[in-house]
Protein chains: 2
Amino acid sequence: MPQVTGRVPRIELPSDLERRWQALRHLEAVVQEALDRALQNEHGLSVSEYTALAALAYSDDGGHLRQQVLADAIPLQQSSVSRLVARLERMGLTERFHCPTDRRGVYTQITDRGREAVTAARATYVNVLEQTLAGISGDRELTALVGQLHRDAGQASP
Amino acid sequence: MPQVTGRVPRIELPSDLERRWQALRHLEAVVQEALDRALQNEHGLSVSEYTALAALAYSDDGGHLRQQVLADAIPLQQSSVSRLVARLERMGLTERFHCPTDRRGVYTQITDRGREAVTAARATYVNVLEQTLAGISGDRELTALVGQLHRDAGQASP
DNA sequence: GTACAATATTTGCTTATGCATAGATTGTCT
DNA sequence: AGACAATCTATGCATAAGCAAATATTGTAC
């Protein structure tokens, strides 16, 4: 399990790109683990499940999306999304209905209970995300990435 | 499976931070999938396995690391590293030996074949990493992150 | 209209991973 | 020295996820 701090024997990858990519993966893992723990403990949701619910709740189509779109948003393989929405349905947080114009397609619709769950879990999510990023005090690559996440809205590449 | 391009129904997360974190996860997934495919096809290695071998090869201790250090570098749970190094050992790419001064600890030592494997696989790894990042043409958040990865070495937070 | 390719989801199967625990060794306190 | 906490790895177990194939529906070519 990744630790942000602590003495680590020197592992000096050859190029800047490799070191930075490694830093990004490390950051992702640390935050993801913190989010997963908190969401699971406080709301019984995995990050994948929360992400799916959030995508539905904040979609512009009234809370329903095709599974392939969900797969892109979570991100997950489409076959995994099939089982994910089955889980959410068992929890009563989503429902499925066939697309009326193309019965191959399936829409996953968030329920009222699902919306309540997202609202509650988002407080945890945002809080843990901010706290974890604030706690990052590793090397320069990590700090740069965190800075990128916290930057003010501005030019992407000046 | 994440696609970088293509029309996606609007999913507008409430805050900048959430949108950026989502972008980072998306970037990580796209690149990771490309790396995994390429490494698996061309060298029979997962990204985790390659990362472990690279960490060993570029460590400053002669190619051996404790499993807990590996867990931090890959990143993976310690119990998963235990099984990962068992796989690498079966492939003949690493060996294990007990730390002479503390027999609780186990060092995983990269073998000559392991070093050859890393050298060969790194060409693929770096190439696919660069190509995939170059192919990213999604939204502004993604572009900003990719720019961060490609930036020249300079001040992290000016 | 029939055959066939394309699209969208589900399901069988395998596996890497995480969690919890056990096992082994070391350090500490008295 | 003995007891007990701390550290490090391995293992039993459960599960989410990927891959490949099956299923269902739609579009296209002739």
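In the predicted model, chain A contains an open sheet of three strands, arranged in the order β1-β3-β2 and paired in the antiparallel sense. The edges of this sheet are formed by β1 (64–66) and β2 (94–98) of chain A, each of which pairs on one side only. Averaged over the sheet and with direction ignored, neighbouring strands are turned by 30 degrees against each other. The pairing of β2(A) with strand β3 (residues 106–110) of chain A is antiparallel and extends over five bridges; within it, Arg96(A) has Thr108(A) of β3(A) as its bridge partner.

Two helices of chain A are placed against these strands. Helix α2 (residues 47–57) of chain A lies across β1, β2 and β3 of chain A, and its course makes about 90 degrees with β3(A). Helix α4(A) also packs on the sheet, where it touches β2 and β3 of chain A, and the direction of α4(A) makes about 120 degrees with that of β2(A).

In chain B, a helix pair was examined. Helix α1 (residues 16–43) of chain B packs against helix α6 (residues 140–150) of chain B at an angle of about 65 degrees, the two axes being 9 Å apart, and the crossing of α1(B) and α6(B) is right-handed. On the side of α1(B), the contact is made by Arg19(B), Arg20(B), Ala23(B), Leu24(B), His26(B) and Leu27(B), while α6(B) contributes Glu141(B), Leu142(B) and Leu145(B). Sorted by class, the residues in this contact of α1(B) with α6(B) are five nonpolar, one polar and three charged.

The two protein chains are related by symmetry. Chain B can be laid on chain A with an RMSD of 0.0 Å by a turn of 180 degrees with a shift of 0.0 Å along the axis, and the relation is therefore that of a two-fold axis. The same surface serves both copies, since 100% of the contact residues of chain B recur in chain A.

The contact between the chains takes 48 residues from chain B and 48 residues from chain A. On the side of chain B that touches chain A, two or more residues are given by each of α1, α2 (47–57), α3 (67–73), α5 (112–135) and α6 of chain B. Helix α1(B) provides the largest share of that side, with 10 residues. By class, the side of chain B that touches chain A comprises 26 nonpolar, 10 polar and 12 charged residues.

The residues of the surface near DNA strand C are three nonpolar, 10 polar and eight charged.

Around DNA strand D there are 20 residues, and those that come nearest are Gln77(A), Ser80(A), Gln68(B), Ser79(B) and Ser82(B). By class, the surface near DNA strand D has three nonpolar, 10 polar and seven charged residues.

How values were computed
Residues are numbered from 1 along each chain as its sequence is written. Chains are lettered from A and ligands numbered from 1 in the order in which they are written. This is a predicted model: local features need pLDDT of at least 70, side-chain atom pairs count only at pLDDT 80 or more; totals for chains, interfaces and linings use all residues. Ala, Val, Leu, Ile, Met, Phe, Trp, Tyr, Cys and Pro count as nonpolar, Asp, Glu, Lys and Arg as charged, and the others, Gly among them, as polar. Axes are lines fitted to C-alpha atoms, for helices over the stretch in contact, and angles run from 0 to 180 degrees between N-to-C directions. Helices (H or I, at least four residues) and strands (E, at least two) are DSSP runs, numbered from the N terminus. A crossing is left-handed if the near helix is turned anticlockwise from the far one by less than a right angle, and right-handed if clockwise. Two residues are in contact if their C-beta atoms, placed from the backbone, lie within 7 Å. Copies are superposed by least squares on the C-alpha atoms of residues with pLDDT of at least 70 in both. Two strands pair if DSSP finds at least two bridges between them. A residue is near a molecule or strand if its C-beta atom, placed from the backbone, lies within 6 Å of it.
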